Amino acid sequence: MNESDIHVIYGSQNIARMAYELMDAMDIAAKLPKDTRIALKPNFAVSKPADSGATTHPEVADGILQYLTERGFRSIAIMEGSWAGADTKTSFRVCGFEALAKRYGVPLYDLKKDAFVERQAGGLTIKVCRKPLLETDFLINLPVLKAHCQTNLTCSLKNLKGCIPDSEKRRFHSLGLMKPIACLSSILRPNLTIVDAICGDLTFEEGGHPVPMDRLIGGTDPVLIDSYGAELLGFSVDEIAYLPLAEKLGAGSTDISNCVIHEHHAEEKKQTLFKASGIARELANHVTADAACSVCYGSLIHALQRLRENGKRIPKGICIGQGFRGKTGEGVGVGNCTAGFPVHLKGCPPTAKAMADFLTQEKAAP
């Protein structure tokens with residue numbers, strides 16, 4: 001399989017079989033010695049089932065594990081570190097991977113508990129968890145294709161944030177998010193990416209608004225995969241700022257015009273145009289964010305959507321993010337970073353419900 005090849009398999013009724021057939025079509029096993037240390041890295045941004053549009057379907061991993069074990073591979077693990085403030089063990093259980101791991105006898109690794117090593121790229125020093133970087137020979141990235149309230153798109157490259165410590169996740173946001181994502185992609189490059197595009201949420205990365213896309217996407221160039229995913233959702237490469245940066249750092253190519261698309265079960269392809277809803281971007285006009293972490297910012301956007309759905313007015317001057325630490329302001333502060341504001345909500349992060357309740361209180365009203 002060439003770097004410029006992208007394989008797409010269509011369907012929705014038997015996801016495990018789709019994943020198995022995709023691996024077979026790419027002939028992955030032929031390239032690997034039987035003692036290869038293989039790791040599957042799913043997307044558990046939150047502890048929600050995959051049908052929410054937020055997390056990787058366990059059936060995708062099921063099909064990959066069946067394919068690998070049938071061909072004699074035994075050194076296989078599943079590893080993930082859910083986003084800052086979330087519990088990975090809970091995510092393994094809720095997302096169906098705990099039961100899957102027991103059935104196949106493969107270990108689950110919580111990367112939040114892993115040691116880290118430091119690597120440099122693009123002028124940045126980045127802490128990366130040891131297991132995926134140094135104790136894995138073949139990393140299979142299993143992102144979900146979905147929208148993101150800060151980066152427009154989240155897919156292969158952004159999913160690698162699960163392979164860094166929580167403190168580094170927060171630092172990525174303080175650095176503007178785009179450049180560190182690109183740098184990480186040049187340090188920790190997955191050998192294979194299988195994108196779960198069964199029903200990604202095209203409004204929020206936290207799920208709740210799943211859109212049936214009914215396909216899995218596979219390839220070995222993660223930048224090319226993300227560029228293809230961006231085009232599928234109606235974005236240009238330049239609208240996903242970390243993609244051109246990653247290309248400059250040698251992590252892959254954004255040139256979709258030269259890629260070769262191999263379609264499987266094309267008879268099940270739905271001629272539907274997918275497009276990110278843009279709701280998150282619209283709601284963001286009510287927010288002043290400065291180095292806000294995704295978990296906090298995403299919860300705030302969810303809270304604002306709840307207010308709008310319930311016919312509530314959205315307060316003006318909502319401030320959020322690490323950049324407000326030690327500062328005071330006249331607006332409404334959300335999260336511990338805005339503790340200096342006269343009116344603020346405690347929490348790191350507060351829940352979306354707590355934010356919605358707080359913002360409807362008289363003291364936070366416009």
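**Helix packing and sheets**

Colleague: Which hand does the crossing of H12 and H13 have?
Modeller: Handedness applies here to two helices (DSSP runs of H or I, at least four residues, numbered from the N terminus; strands are E runs of at least two). A crossing is right-handed if the near helix is turned clockwise from the far one by less than a right angle, and left-handed if anticlockwise. For H12 and H13, the crossing is right-handed.

Colleague: What kind of model is this?
Modeller: Residues are numbered from 1 along each chain as its sequence is written, and side-chain values use heavy atoms, without hydrogens and water. Local features need pLDDT of at least 70 and side-chain atom pairs pLDDT 80 or more, while totals for chains, interfaces and linings use all residues, as the model is predicted.

Colleague: How are H12 and H13 oriented to each other?
Modeller: Their axes (lines fitted to C-alpha atoms, for helices over the stretch in contact, with angles from 0 to 180 degrees between N-to-C directions) are 8 Å apart, and the packing angle is about 50 degrees. Angles under 35 degrees count as roughly parallel, over 145 as roughly antiparallel, 65 to 115 as roughly perpendicular and the rest as oblique. Therefore H12 is, relative to H13, oblique.

Colleague: How many nonpolar residues does the contact of H12 with H13 have?
Modeller: H12 contributes residues including Leu300, Ala303 and Leu307, and H13 residues including Met355 and Leu359, with contact meaning heavy atoms within 4.5 Å. Ala, Val, Leu, Ile, Met, Phe, Trp, Tyr, Cys and Pro count as nonpolar, Asp, Glu, Lys and Arg as charged, and the others, Gly among them, as polar. Beside two polar and two charged residues, the nonpolar count is nine.

Colleague: Which strands are at the edges of the open sheet?
Modeller: Four strands, paired in parallel, take the order S13-S14-S15-S16, where pairing requires at least two DSSP bridges. From one strand to the next, the twist averages 25 degrees. Pairing on one side only marks the edge strands, S13 (287-289) and S16 (343-345).

Colleague: Which strands does H13 touch?
Modeller: H12 (residues 294-309) lies across S13, S14 and S15, at about 160 degrees to S14. H13 (residues 352-359) also packs on the sheet, making about 160 degrees with S16, and the strands touched are S14, S15 and S16.

Colleague: How does H2 lie relative to H4?
Modeller: The axes of H2 (residues 58-70) and H4 (residues 97-104) come within 10 Å and cross at roughly 15 degrees. Therefore H2 is, relative to H4, roughly parallel.

Colleague: How does H1 lie relative to H2?
Modeller: The axes of H1 (residues 15-26) and H2 come within 7 Å, crossing at roughly 45 degrees. Therefore H1 is, relative to H2, oblique.

Colleague: Which residue in the turn between S5 and S6 has a positive phi?
Modeller: S5 (residues 116-121) and S6 (residues 124-129) pair in the antiparallel sense over six bridges. Arg119 stands opposite Ile126 in S6. Two residues separate the strands of this hairpin, and the one with a positive phi, about 55 degrees, is Gly122.

Colleague: What is the radius of gyration of the protein?
Modeller: The protein comes to 13 helices and 16 strands, and its C-alpha atoms fill a box of roughly 65 × 45 × 40 Å along the principal axes. The globule rule is 2.2 Å times the number of residues to the power 0.38, with the radius taken over C-alpha atoms. For 366 residues a compact globule would have a radius near 21 Å, which agrees with the protein's value of 20 Å.
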